[in-house]
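Please open the structure in your viewer, with the sequence panel beside it, and follow the stops below in order. Each stop tells you what to select and then describes what is there.

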Amino acid sequence: MYAKYSNFHKSSNNLCIFGAVIIRCKGFILLKFRQITTDNQAVKGFPKVSDIAALLVLFFAGNIISGIVAGFMPALLEGLPSAQQNMYLYGSSMLIALLLMWGYARIRGSKVAIFRYHFHWLNTSAVLWGVVAIAAIGVIEEPLLSLMPEEWLESVMQQIGTGAYAICTTVILAPIFEELIFRGVLLGNIRRRWGSLRAVFFSSLIFGAIHLIPQQVVNAFLVGIIIGGIYVMTDSILAVMTLHAVNNALSYVLSATNPDGDGTLRSIVTDDVTYWSIYAVCVLFLSVSFALIMRRYRRVRKARQSNKTATEGVK
C-alpha cells in the first residue's frame with residue numbers, strides 16, 4: 001500500500017541518466033521483451049472473472065482478519081510507536097492475504113509458481129530502465145495529481161511515519177508482499193489464461209484500485225504497468241522486488257530529507273521553460289520505450305502465428 005513512495009522520481013537529479021539508460025535499455029527492450037509472448041495464448045480454466053473477484057475478496061479479508069486479531073489482543077500493540085504498530089499490522093495483513101489468495105488459486109487448479117526467478121535474477125538493465133521509467137511517469141502525472149485533494153494522502157503519510165520501522169515496512173515488507181500478491185498470484189494467473197498484455201493491464205488496474213487514495217490509485221496503476229512489464233520481461237519476481245525496493249528506498253530518502261516540500265519536480269524547478277523541457281524529455285523517453293516494446297511484441301506475435309500456421313499445414 002505504499003506506492004506513494006514510488007514518487008522518488010520527483011527529484012530532477014534522476015533525469016541526468018536518461019541518455020545512458022536509453023542506450024543501454026534499447027537492446028534490453030528489443031531482446032528481452034520477446035518473453036511477453038511465450039505464454040500469450042489463452043488457456044481455458046482458472047482464473048475466470050469470478051475467480052479474480054474472489055481473490056480480491058480474500059485480499060481484503062486478510063486485512064479484516066488482521067484488524068480483528070489486533071482488536072482482540074490490544075496488549076500486543078499497546079504502547080508501541082505508531083510506525084511499529086503499522087509495520088506489524090501491515091505485515092500480518094499482507095501475509096494472511098497472500099496465503100488466502102495462493103491457497104485459493106491452488107485449490108482452483110492453478111499451476112503457476114508465484115516465486116519465479118532466474119539465476120541471473122538481478123537484471124540491471126531492467127531495474128535501471130524501470131527506475132527511470134517510473135521517474136518519468138511521476139513527472140508526467142504531476143499536473144493531474146496536483147488537482148486532487150491532499151488531506152487523505154497526508155494522513156496516510158503520517159501513519160507510515162519515519163525511522164527504522166517505517167523503512168522496514170516500505171523497503172522490505174511492501175516490495176516482498178505486494179510483488180508476490182499482485183505480480184506473482186494475480187498477474188501470473190491472469191497471464192496464463194488471457195495473455196501477458198491483458199495480465200499487466202488488469203493486475204495494474206487492481207493494484208491501483210486497492211490503494212483507495214486518489215493520488216495513490218493513479219500512481220500505483222501507472223507504476224504497476226512498468227513493474228508488471230519488467231516481470232514479464234525478466235520472468236523473475238526477484239527483479240521486480242528489487243526495483244520496488246529501490247524505488248521505495250529512494251522515495252523515502254527524498255521525503256525524509258525534504259519534509260517541508262511536496263516532493264514534486266514543479267516545487268524544485270520553478271522556471272517554466274526548464275520544467276516543461278524536462279517534462280518533454282520524460283514524454284519522449286516513455287514514448288520511445290513503448291514504441292520499441294510494441295514493435296518487438298508485434299514481430300514476435302507475427303512470427304508465432306506464422307510458425308503455428310506452418311505446423312498446422314504439415315499436420
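Predicted model: local features only at pLDDT ≥ 70, side-chain atom pairs only at ≥ 80, totals over all residues.

## First stop: Glu 151

Select Glu 151, which is exposed, with a relative accessible area of 56%; here buried means under 20% relative accessible area, exposed means over 50%, and partly exposed lies in between, computed with a 1.4 Å probe and protein chains only. Glu 151 lies in helix α5, residues 151-160, where helices (H or I, at least four residues) and strands (E, at least two) are DSSP runs numbered from the N terminus.

Residues are numbered from 1 along each chain as its sequence is written, and side-chain values use heavy atoms, with hydrogens and water left out.

## The whole chain

Zoom out and colour by secondary structure: the chain has 11 helices and zero strands. Of its 315 residues, 48% are buried.

## Along helix α6

Select residues 164-194, which form helix α6, and look at Leu 173, where the helix bends by about 40 degrees, with a proline, Pro 175, following within four residues. The bend at a residue is the angle between axes fitted to the seven residues ending there and the seven starting there. After α6 comes Gly 195, whose phi is positive, near 95 degrees.

The next selections are charged pairs. Side chains of opposite charge can pair when their charged atoms come close. A salt bridge is taken here as a side-chain nitrogen of Lys or Arg within 4 Å of a carboxyl oxygen of Asp or Glu, and by this rule the count comes to four.

How accessible is Arg 183? Arg 183 is buried, with a relative accessible area of 0%, and Glu 179 is likewise buried, with a value of 0%.

Next, select Arg 191 and Asp 235, whose salt bridge has its closest N and O atoms 3.3 Å apart. This pair links distant parts of the chain, since Arg 191 is in helix α6 and Asp 235 in the loop between α8 and α9, 44 residues apart. Both partners are buried, and for Asp 235 the relative accessibility is 12%.

## Two residues with positive phi

Stay on Asp 235 and inspect the backbone: its phi is positive, about 55 degrees, although Asp 235 is not a glycine. Then go to Leu 212, in the loop between α7 (196-209) and α8 (214-234), where phi is again positive, about 70 degrees, in a residue that is not a glycine. Is Leu 212 buried or exposed? At 61% relative accessibility, Leu 212 counts as exposed.

Select Arg 108 and Asp 51, which form a salt bridge with the closest N and O atoms 2.8 Å apart. Arg 108 lies in the loop between α3 (82-107) and α4 (124-145), and Asp 51 lies in helix α2, so the pair ties together parts that are 57 residues apart in sequence. Arg 108 counts as partly exposed, at 34% relative accessibility, whereas Asp 51 counts as buried, at 2%.

## Two surface patches

Switch to a surface view and select Ile 64, Ile 65, Ile 68, Val 69, Phe 72, Met 73 and Leu 76, which make a nonpolar surface patch of about 710 Å². Patches are made of residues with over 30% relative accessible area and no salt bridge, with like charges joined within 9 Å and nonpolar side chains (Val, Leu, Ile, Met, Phe, Trp, Tyr) within 5 Å; accessible areas come from the Shrake-Rupley method with a 1.4 Å probe, and for residues only the protein chains shown count as cover. Ile 65, found in helix α2 (residues 49-72), counts as partly exposed at 36% relative accessibility.

Finally, select Arg 295, Arg 298, Arg 299 and Arg 301, which form a positive surface patch. Lys and Arg count as positive and Asp and Glu as negative, while His and the chain ends are not counted; the place of a charge is taken as NZ of Lys, CZ of Arg, CG of Asp or CD of Glu. Arg 295 sits in helix α11, residues 272-314, and is partly exposed, with a relative accessible area of 37%.
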